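Thanks for coming, everyone. I'll walk you through one structure today, so please look at the screen.

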Amino acid sequence: MTSTADRIGLVVADEVATALAEGTPVVAMESTIFSNLGLPAPGNREAFDRCEAAVRAAGAVPAVTAVLDGRPRVGLAPEDVDRVLTGSSKVAERDVPVAIAQRWAEGMTTVSASVALAHAAGIEVFATGGIGGVHRGVETTGDVSADLDALASHPLVTVCAGAKAFLDLPRTLEHLEAIGVPVLGWRHDDFPAFYSRSVGLAVPHRVEDAATVAGVLRNRLREDLGVLLTVPIPEAAEIPAEQIEAKMLRALAAADDAGVRGPKVTPFVLARIEAETDGESIPANLALAENNAAVAAQVAAALLEH
């Protein structure tokens, strides 16, 4: 039976393939966060460098996912990095087959696409900034991120700083419960909201170490089910929820006034929040992404022992 990787012509970088074969920890990362869709230059390059360095410092190998020249990739060659940093085409899991069939020059993978490609490559840990979720006003728009379905459909540990703060976070947690995804808090009792360590919502389960996280994935009841590990942003980099809520509401209102819908909402709102905070959101973004990458590397190592 042909594997998904072979069927779609997945290109796994030599370093990543060697690490997987030799039992070295590997951490997958999305390309959207490192592109123009995630952070403006030069912040995106700094994010890339800091996240890769954090993974390597913990003894793991980074594997950034993307679609380049119509080929899905897990792990980048050095010459591919600048293409990712300047990328502006976003692909979710549903878009990957289109990007392959139409031979898109560049496709920056979101959480849903990244976990799907990482699973196809045999990687069990994925690090990102914040996941998508149920959007505010969902009762009118029906806007629920494909990230959530992907978490329930691919057996990876996704390490994040919770969900993006401008989402409907109570409904996002309810949705995760409904689809059966275990939600864990890394040495923390509250569900983090990207820039903020807490918005007053309890995380279902607190964990203290990577071995426990690995045990949760290993004991899942459904073969394809993933695990969500939420890691609060480091305290020094936090923007408290009460300081950013009004700015988020203005950004969401601006998106609505501009008729921005679907996948374009997130980059639009993040850009507006950056402007509203006079750039304060960028250091927060960098700190949480780097921290998540470091924790993910610990989990990747623990999974090799389970």
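A word on naming: helices (H or I, at least four residues) and strands (E, at least two) are DSSP runs, numbered from the N terminus. This is a predicted model, where local features need pLDDT of at least 70, side-chain atom pairs count only at pLDDT 80 or more, and totals for chains, interfaces and linings use all residues. Residues are numbered from 1 along each chain as its sequence is written, and side-chain values use heavy atoms, with hydrogens and water left out.

Let's start with the backbone. Find aspartate 69, in the loop between β3 (61-68) and β4 (71-74). Aspartate 69 is not a glycine, yet its phi is positive, at about 55°. Now go to proline 42, in the loop between β2 (26-29) and α3 (43-57). The peptide bond between alanine 41 and proline 42 is cis, with omega about 0°.

Next, the pockets. Rolling a probe the size of a water molecule over the atoms shows where empty space is left. A pocket here is found on a 1 Å grid over the protein atoms alone: an open set of points where a 1.4 Å probe fits, with protein on both sides within 12 Å along at least five of seven lines. Lining residues have an atom within 4 Å of a point. Grid points are joined across faces, edges and corners, and a volume is the space filled by probe spheres set on the points.

How much space lies in the largest pocket? About 590 Å³. Its lining has 34 residues, and Lys90, Thr110, Ser145, Asp147 and Thr266 lie nearest the centre. Two or more lining residues come from each of β5 (90-91), α6 (111-121), α8 (146-153) and α12 (265-276). The largest share is from α12, with three residues. By class, the lining has 13 nonpolar, 14 polar and seven charged residues. For the classes, Ala, Val, Leu, Ile, Met, Phe, Trp, Tyr, Cys and Pro count as nonpolar, Asp, Glu, Lys and Arg as charged, and the others, Gly among them, as polar.

The second largest pocket has a volume of about 310 Å³. Its lining has 15 residues, with Arg136, Thr141, Leu252, Asp256 and Val265 closest to the centre. Two elements give two or more residues each: α7 (138-141) and α11 (241-257). The most come from α11, with four residues. That lining splits into six nonpolar, five polar and four charged.

Finally, helix packing. Axes are lines fitted to C-alpha atoms, for helices over the stretch in contact, and angles run from 0 to 180 degrees between N-to-C directions. Contact means heavy atoms within 4.5 Å.

Take α6 and α8. Their axes come within 8 Å and cross at roughly 20°. That makes α6 roughly parallel to α8; angles under 35 degrees count as roughly parallel, over 145 as roughly antiparallel, 65 to 115 as roughly perpendicular and the rest as oblique. Val111, Ser112 and Val115 of α6 meet Ala146, Asp147 and Ala150 of α8. Four of these contact residues are nonpolar, one is polar and one is charged.

Now α10 (residues 210-218) and α13 (residues 281-303). They pack at about 60°, with axes 8 Å apart. So α10 is oblique to α13. From α10, the contact uses Ala210, Ala211, Val213, Ala214, Leu217 and Arg218; from α13, Gln298, Val299, Ala302 and Leu303. Eight of the contact residues are nonpolar, one is polar and one is charged.
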